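I opened a new structure today and kept short notes. The entries follow in the order in which I looked things up.

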Amino acid sequence: MTWALVPAAGSGRRFGGEVPKQYLHAAGKSLIEHALEAVLSHPGIDGVVVALAADDAHWPGLTSLHGKPVLTCIGGGERADSVLAALRGLPAGVADDELLLVHDAARPHLHADDIGRLIEAARDCIDGAILAAPVRDTLKRSDADTRIARTEPRDGLWRALTPQAFHRDLLLRALKAAQADGVVATDEAMAVERLGLHPALVEGREDNLKVTTPADLALAEFLLQGRASR
Ligand code: CTP
Ligand code: MG
């Protein structure tokens, strides 16, 4: 049994607006519905736990999709707290050594191929695996006056995407350790790296974008419309 955990308890501060970004619509569905659709339509995924904000007024009340269970729990103050809550919300049938995929609710344009390649890589690498894309732009380090201090080499630099796949016991151990040490892990891999482990990088599609700002939503709309019309 391979389950997915979807943190969706954020308020979308950088996006702004009344409605948290995961509930904004693009190509006829909310971003979180696109994300859940992508994850649960994959034959390798058996169910999902979604972490929601305690005061969430927008969750559509889904309990299943593609005949697979959609469970919910209350998330926490940081993304990692929400993922921990989702881990604790897994049903009894999910064993400790089972693979889990963590995927952002705000990442609506995920392809089945990427899920498949990620699962394969995580089965081969005991430390887990994440989707990632090589950095393409030239990187500048700024000084205190926002002038360029220098150019940073981009060789070997990747942007971490989701899903990120780890065995249940490792993910739990890693997130608990980060929390106990007062470290805010911005993705699951970071928590696992802190244990001295080295998750695999799986090159994923660059259009697996996370909606952070209104400009991203326009791009997501464009990508999702394009997919719908194919
Ligand atoms: N998330 C969560 N719990 C939190 C914070 C974030 O479940 N306490 C989720 C978001 O809902 C989102 C994913 O983690 O699906 C990625 O986080 P991000 O893009 O940073 O979303 P927000 O935290 O909502 O946005 P911002 O940082 O701009 O406030
Ligand atoms: Mg955030």
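I began with the ligand and found an oxygen atom of ligand 1 at 3.0 Å from a polar backbone atom of Gly10; a polar contact here is a pair of N or O atoms within 3.5 Å. A backbone N or O atom of Ala9 lies 2.8 Å from an oxygen atom of ligand 1. For Ala106, I read 3.5 Å between a backbone N or O atom and an oxygen atom of the ligand. Ligand 1 taken alone exposes 560 Å², and the protein buries 91% of that (Shrake-Rupley areas, 1.4 Å probe).

I noted that the model is predicted, with local features needing pLDDT of at least 70 and side-chain atom pairs 80 or more, while totals for chains, interfaces and linings use all residues. Residues are numbered from 1 along each chain, chains are lettered from A and ligands numbered from 1 as written, and side-chain values use heavy atoms, without hydrogens and water.

Next I looked up the shell. There are 19 residues around ligand 1, and Ala9, Gly12, Arg13, Lys21 and Ser82 come nearest (near means a heavy atom within 4 Å). By class, five are nonpolar, seven polar and seven charged, with Gly counted as polar.

Last, I checked a hairpin. Strands S9 (residues 139-142) and S10 (residues 148-152) run antiparallel and are joined by four bridges; pairing needs at least two bridges in DSSP. Arg141 stands opposite Arg150 in S10. Five residues lie between the strands, and Thr146 takes a positive phi near 55 degrees.

Terms used:
Polar contact = N/O pair within 3.5 Å; in protein donor to acceptor, adjacent residues only side chain to side chain. Helix = DSSP H or I, 4+ residues; strand = E, 2+ residues; numbered from the N terminus.
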